[in-house]
Amino acid sequence: MPDPTFLFAQSLSGLTAAMFLFLIASGLSLIFGVLGVLNFAHGSFYMLGAYVAYQLVQVLGRDPAAFWWAALGAACAIAVLGGLVERLLLRHLYAKDVLYQLLFTYALILVLSDAAKVVWGTGQLSIARPPELAGATRVLGTLVPHYELFVLLLGPAIALGFWLLLHRTRAGRFVRAAALDREMLGALGVNVSRLYTSVFVLGSFLAGLGGALIAPAKAIVPGMDVEIIVEAFIVVVIGGLGSFWGTFLGAVIYGQVLSFGILIFPRFSIFSVFALMAVVLILRPWGLLGRPLKT
Amino acid sequence: MSARARVPWGLLGVLAALSVPFLGSRYYTFVATDVAILALFAVSLNLLLGYTGLVSFGHAAYFGVGAYTTGLLMKKAGVPFVLAFPAAGVLAGLLALVFGFFCVRLTKIYFAMLTLAFAQIVWAICFKWNDLTGGEQGMPEIPYPDLAWLERLPLVGELRTSDHFYLLTVVLVALCFWLLRRVVGSPFGRILTTIRENPERAEFIGVHVRRWELLAFVLAGAFAGLAGGLFGIFNRGVFPDFIYWTKSSEVLIMAILGGMGYFYGPAVGALVLLVLNQQITSYTEYWPFVLGSILIVLLFAFPGGLVGALDAGRRRLLRLGRA
C-alpha cells in the first residue's frame with residue numbers, strides 16, 4: 001500500500017493537469033456542440049497563445065503585472081485570429097462533408113505550427129511565474145507550488161463563469177439553442193451566422209488563455225499543439241462532445257487515470273487513457289454526460 | 001467508365017513503372033518505390049472513403065501493423081518474404097475486423113473518432129512495447145527479401161538490390177490494384193456505393209449495412225497492411241510514427257488531393273504529394289506549411305481533387321468540341 005501523502009500528491013498533480021485540460025477542452029467542446037466542427041486547430045491556438053504570451057512578457061518587461069497583461073493580451077489575440085479563420089474560411093465548409101472540415105482544421109495545424117517555428121524558432125521558451133505566485137506551500141505533507149494552487153482554483157472558477165454565461169444570459173440561451181436546432185433558431189430571427197462566429201471566438205479565447213496560463217508551468221515548444229489536441233480530444237470524447245459538465249468530468253477523469261495509471265502500469269499509462277476513450281465510444285458514443293446527436 | 005477502359009492504361013502504367021530502374025538513378029527508384037507503396041495505402045483507404053463514404057481517421061493503424069508484422073517475421077523469425085508479406089495483410093485484416101466491429105456501429109464523426117482512438121491505442125502499444133517492437137526507437141534493419149534469382153536473369157540482373165525490390169513492389173502493388181478494382185466493380189462494390197449514397201435506403205431494400213461496411217473495413221485494412229509490409233522493408237525499418245494520427249491524416253490528404261471519386265485518384269494524390277515533397281524539401285524545411293496551404297486551396301478550389309479537376313476540364317473541352 002503506497003503511503004497516503006504520495007497518493008495525495010499524485011492526485012493533486014492529476015487534478016492540476018485536469019484543470020489545464022479543461023480550459024482547452026471546454027472551448028473544443030463548445031465549438032463542436034454548436035458548430036458541429038471538430039476543430040483540430042484548437043491545439044494550435046493554444047500553442048500560439050503560449051507563444052504570444054511569451055512575446056508580450058518580453059515586451060512588457062519589468063511591469064510587475066506583466067504576466068497577467070500578457071495572458072489577457074494573448075487570449076484576445078488568439079480570439080481575433082479564431083474570428084478571422086471562422087469568418088474568412090471555415091464558414092464556407094459548413095455545408096460540406098465532415099471530412100472537409102476535419103482536413104481544413106488539420107491544414108491549419110500544419111500552417112500555424114510552421115509559422116510559429118519561423119517566428120519563435122524551434123528551441124524551448126519559458127515564462128517566469130508571476131512574482132505573487134512564485135512560492136510553494138506544504139499541504140498535507142506535499143509541497144505544492146502556489147501557481148499550481150492558483151490553477152486548481154482557476155479551473156472551477158472558469159467553469160462556473162462559463163456555466164453562468166451559458167445558462168444565465170440571453171446570449172448563452174442562444175448558444176444552447178443553436179446546439180439543439182440551428183434552423184429553428186434562425187427561423188426565430190436570430191443571426192445564427194454571427195452566433196457561430198462568436199462561439200468560435202470564445203472557444204479560441206479559451207484556447208489562447210489556456211496556452212498563456214500553462215506557459216509558466218511547462219516549456220513552450222513546437223509540438224505542444226499536436227500533443228494537447230490529442231489529450232483535449234480524449235477528454236471531450238470521454239465527457240461528451242458538446243457537454244459542458246461532461247468536459248469537466250472528462251478532464252478530471254483523464255488527469256486521475258493518467259497520474260494513477262503510471263503507478264499501476266508504469267509503461268502503459270497513455271494506453272489506459274486511449275482504452276478508456278475507446279470503451280466510452282463503444283458503449284456511449286456521445287460520452288458520459290453527452291446527449292446523442294440527431295442525424 | 002467502360003468507354004475509357006479500351007486503352008489498357010493499367011498495363012501501360014505498370015510498364016512505365018517497371019522501366020524506372022533502367023533510368024539508372026538510385027534517387028528515382030527510391031521515390032518511385034515510395035510512391036507505389038503509398039499509392040496502395042491511399043487506394044485502400046479510398047475503399048472506405050470514396051466508395052463506402054466512411055471517414056476513417058485511423059487507417060495508419062493497419063499500415064503500421066502490417067509493417068510490424070512483416071518486419072518482425074523477417075527480422076526476428078527469419079520467415080521468408082513469401083510468407084511474411086501475406087501475413088501483414090492477414091494480421092492487419094484481423095485487427096480491422098476487431099476494431100471495425102465496433103466502428104461500423106457509429107455514424108459519421110463518431111466513426112472517425114473511434115477509428116482515431118483505436119489507431120492511437122495501437123500506436124501507444126507499439127511505442128511502449130520495447131521487447132517486441134523496439135518501442136520509441138523502432139525496429140531498424142529489416143532485411144530485403146531474397147531476390148538473388150533476379151540476378152541470374154538478363155537485363156534486370158545488373159540492377160541494384162533496391163531496384164529489384166522496387167520491381168517486386170510494382171508487381172505486388174499492381175496485383176493489389178487489380179484485386180481492388182475487381183472488388184469495387186463487383187456487386188459488392190455497388191452495394192458499398194449504395195450505402196455511401198443513402199444508408200437508410202440501403203437498409204430498407206434489404207442490405208445489411210453494418211455487415212458490408214465491416215467487410216469493406218476489413219478489406220481496406222488488409223490492403224493497408226500489405227502496403228505497410230512493403231513500406232517497412234523499403235524504409236529499412238519500422239517505427240511507431242507509422243501509426244501516429246498525423247500519418248492517418250497524410251493518407252487522407254493523398255486521397256483528397258488525387259480525388260476520392262476515382263479509383264486511381266488517391267494513387268495520383270500519392271504521386272503528386274510525394275514528388276512535391278521531394279522537390280520542396282530540397283528548398284525549404286517548411287514542408288508542412290506548404291502542405292497545409294496546398295490542402296486549404298484544394299479544399300476550397302478543387303474539392304473533387306486533381307483527377308476531379310482534370311475530369312471536369314476534359315468534359316468541358318468535349319462539350320466545347322461538340323458545340
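Residues are numbered from 1 along each chain as its sequence is written, and chains are lettered from A in the order in which they are written. In this predicted model, local features need pLDDT of at least 70, side-chain atom pairs count only at pLDDT 80 or more, and totals for chains, interfaces and linings use all residues.

Select helix α7 (residues 148-151) of chain B, where confidence is lowest at a mean of 75, and then α11 (residues 209-234) of chain B, where it is highest at 92. Helices here are DSSP runs of H or I with at least four residues, numbered from the N terminus.

Next, select the contact between the chains, in which residues count if their C-beta atoms, placed from the backbone, lie within 7 Å. Chain A contributes 32 residues and chain B 33 residues. On the side of chain A, α4(A) gives the most, with 14 residues.

Now select α4 (residues 98-120) of chain A together with α14 (residues 287-301) of chain B: they pack at an angle of about 150 degrees, with axes 8 Å apart. Axes are lines fitted to C-alpha atoms over the stretch in contact, and angles run from 0 to 180 degrees between N-to-C directions. The pair is therefore roughly antiparallel, a term for angles over 145 degrees. Finally, show the side chains of the contacting residues, including A:F104 and A:L108 of α4(A) and B:F289 and B:L295 of α14(B).

Terms used:
Helices (H or I, at least four residues) and strands (E, at least two) are DSSP runs, numbered from the N terminus. Angles under 35 degrees count as roughly parallel, over 145 as roughly antiparallel, 65 to 115 as roughly perpendicular and the rest as oblique. Two residues are in contact if their C-beta atoms, placed from the backbone, lie within 7 Å. pLDDT is the predictor's confidence in each residue, from 0 to 100.
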